[in-house]
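My notes follow in the order in which I looked.

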Amino acid sequence: THPAYETALRVLATLREAGHKAWFAGGSVRDRLLGREAKDYDVATDALPSRVEELFSRTVAVGKSFGVIAVVEDDIQIEVTTFRSEDQYEDGRRPGSVTPTTPEEDAQRRDFTINGLFYDPVADRVIDYVGGREDLARGLVRAIGDPGERFGEDHLRMLRAVRFAATLEFEIETRTREAIRALAGRIDRISAERIEIELTRTLTESPRPGRALCTLLDTGLLAEVIPEAVPMVGQEQPPEFHPEGDVFTHTCLMLDRMGAGVKEPGVDRAELAWALLLHDVGKPPACVHSQWPDGRPRLRFDRHARISADMAEAVMRRLKMPAKRIRNVVTAIDRHMRFMHVEEMRESKLRRWMAEPVFPLELELHRLDCEGSHGDMSCYRRVMDLREKISREPVLPEPWVNGRDLIAMGLEPGPGIGELLDEAFERQLEGEAASREELLAWLRERVAQKSNQA
Ligand code: ATP
Ligand code: MG
């Protein structure tokens with residue numbers, strides 16, 4: 001079990017020995033019943049925050065006014081929350097105050113029935129005031145109480161509903177879903193940072209992120225948070241390359257494939273998910289209807305990779321994503337059509353590309369792009385074959401010559417040296433020079449040519 005579990009049990013025991021009610025609450029109970037590993041263990045108790053602070057030597061008042069105290073034991077933080085009801089929602093965000101109350105009422109203020117369960121590990125008993133166990137068994141995300149009211153109080157819950165449905169592979173219960181459809185437009189009152197966290201967790205933690213994207217579309221949330229993605233729905237593509245259909249379907253297929261497995265070690269799942277979601281957003285605006293010489297209609301996407309990259313950058317900036325992720329995703333999208341040319345690409349150029357830190361991300365984007373459409377893996381295989389061939393050497397070998405060699409030939413330090421070194425390295429990579437000596441000889445000739453020209 002989880003390293004925090006033993007610690008959480010001790011925290012629970014301390015509260016009970018002091019005469020208080022103390023149970024596990026929320027996510028850990030849900031995950032336990034689903035046979036999944038819990039992320040953390042939250043404890044709910046009738047002890048007031050000040051009492052919790054008295055009972056434990058190390059505490060952090062993470063949200064004392066909402067009744068939340070973090071107890072620190074063995075460097076592990078356990079959140080201990082006083083049973084409370086919440087009122088006074090302001091502008092669809094955090095409640096202004098909390099009132100200590102009974103466990104029944106505490107369950108009522110939680111978001112979904114599957115998150116409203118308590119567990120008493122001493123009696124091995126689940127305490128269910130909200131029908132959460134039944135919904136767990138049925139695979140339903142259902143708001144506790146009136147869904148419209150609950151989403152009206154806290155708009156972030158709409159994205160949480162989609163996240164839980166996606167990560168647990170549950171359905172959103174009908175009335176809950178309808179309430180989200182009705183209130184989706186209010187999500188703009190939630191900060192970009194919180195929206196981004198939910199979206200990224202949804203895409204990276206679910207076994208079928210493509211299905212999650214469909215849920216976002218279907219609930220109307222996608223149109224609010226990433227309106228740029230919606231025109232991909234129904235956007236035609238040449239069927240010879242895209243037997244799967246429109247751009248949105250293609251994107252969902254790729255995301256689901258990502259859920260089935262990422263092959264390149266070290267690829268950041270968040271970067272990959274966003275690269276997949278946004279790699280073709282530029283297709284609808286880039287679409288040009290023209291004709292083949294024989295008069296048949298022809299679909300072209302003019303510079304769609306560049307347009308997609310620009311649009312992706314705007315989306316990611318708006319969602320306040322980390323700069324490094326933005327940079328890598330934009331590069332991967334901007335260059336994703338480059339793979340079409342690897343067959344005729346010089347080995348040196350390909351090797352230099354492969355040596356770039358962003359390359360594994362690009363390669364995964366390409367693999368999933370092909371697997372989610374025509375299925376032709378020949379470009380991918382060319383890269384993998386080259387990798388195999390050079391697997392015992394570094395992607396790029398040590399250059400045989402350096403700046404000192406050129407200066408020794410009498411060249412002045414300056415930008416000319418870099419250019420010559422580049423050319424020399426290219427020759428080395430392409431096997432046009434067999435040794436350092438041959439390369440030096442070639443360089444001497446080039447230097448002589450240059451000084452004659454000067
Ligand atoms: P996970 O940690 O796996 O994402 P979780 O269920 O533990 O899922 P947390 O965000 O850690 O979710 O919150 C803990 C519990 O607090 C939830 O299970 C739920 O009962 C309650 N909760 C969290 N956020 C909200 C919210 N916005 N509205 C109502 N209840 C909430
Ligand atoms: Mg949690």
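**Ligand shell.** I sorted the residues around ligand 1 by type and got 1 nonpolar, 4 polar and 6 charged. For this sorting Ala, Val, Leu, Ile, Met, Phe, Trp, Tyr, Cys and Pro are nonpolar, Asp, Glu, Lys and Arg are charged, and the others, Gly among them, are polar. The shell consists of G26, G27, K39, D42, R110, D111, N115, G116, D154, L156 and R157. A residue is listed there if its C-beta atom, placed from the backbone, lies within 6 Å of the ligand.

**Conventions.** I note that the model is predicted, that local features need pLDDT of at least 70 and side-chain atom pairs pLDDT 80 or more, and that totals for chains, interfaces and linings use all residues. Residues are numbered from 1 along each chain as its sequence is written, while chains are lettered from A and ligands numbered from 1 in the order in which they are written.

**Helices α7 and α9.** I next took α7 (residues 156–168) and α9 (residues 192–205), whose axes come within 9 Å and cross at roughly 10°. Helices (H or I, at least four residues) and strands (E, at least two) are DSSP runs numbered from the N terminus. The axes are lines fitted to C-alpha atoms, for helices over the stretch in contact, with angles from 0 to 180 degrees between N-to-C directions. The cut-offs are under 35 degrees for roughly parallel, over 145 for roughly antiparallel, 65 to 115 for roughly perpendicular, and oblique for the rest. From α7, L156, L159, R160, V162, R163, A166 and T167 meet R194, I195, E198, R201, T202 and E205 of α9. Contact requires C-beta atoms, placed from the backbone, within 7 Å. By type, the α7 and α9 contact holds 5 nonpolar, 2 polar and 6 charged residues.

**Helices α17 and α21.** For α17 (residues 347–354) and α21 (residues 415–430) I found axes that come within 8 Å and cross at roughly 105°. That makes α17 roughly perpendicular to α21. The contact uses E347, S348 and R351 on α17, with E426, L429 and E430 on α21. Its residues divide into 1 nonpolar, 1 polar and 4 charged.

**I114.** Is I114 buried or exposed? I found 31 other C-beta atoms within 10 Å, so I114 is buried. The cut-offs are 20 or more other C-beta atoms within 10 Å for buried, 12 or fewer for exposed, and partly exposed in between, with C-beta atoms placed from the backbone. I114 sits in the loop between α4 (103–108) and β8. Beyond its neighbours within four places in sequence, I114 contacts R30, G132, D135, L136, V141 and F164. I also checked P399, 285 residues from I114 along the chain, and the C-alpha atoms are separated by 60 Å.

**Positive phi.** D124 has a positive phi of about 50° and lies in the loop between β8 (118–120) and β9 (125–127). It counts as exposed, with 7 C-beta neighbours inside 10 Å. R303 has a positive phi near 50° and lies in the loop between β13 (297–301) and α15. I counted 12 C-beta neighbours inside 10 Å for R303, so it is exposed.

I looked up the UniProt entry, which is unreviewed and lists residues 247–343 as "domain: HD". UniProt positions are in the numbering used here, feature names are shortened, and annotations may be inferred rather than shown by experiment. Over residues 247–343 I read 57% helix and 10% strand, with the end C-alpha atoms 26 Å apart.

R306 belongs to helix α15 (residues 304–318) and is partly exposed, with 15 C-beta neighbours inside 10 Å. From R306 to R335 I noted 29 residues in sequence and 8.0 Å between C-alpha atoms. S290 belongs to strand β12 (residues 287–291) and touches R298 and R300, residues up to four places away in sequence not being counted. S290 is exposed, with 9 C-beta neighbours inside 10 Å.

Methods:
Contact = placed C-beta atoms within 7 Å.
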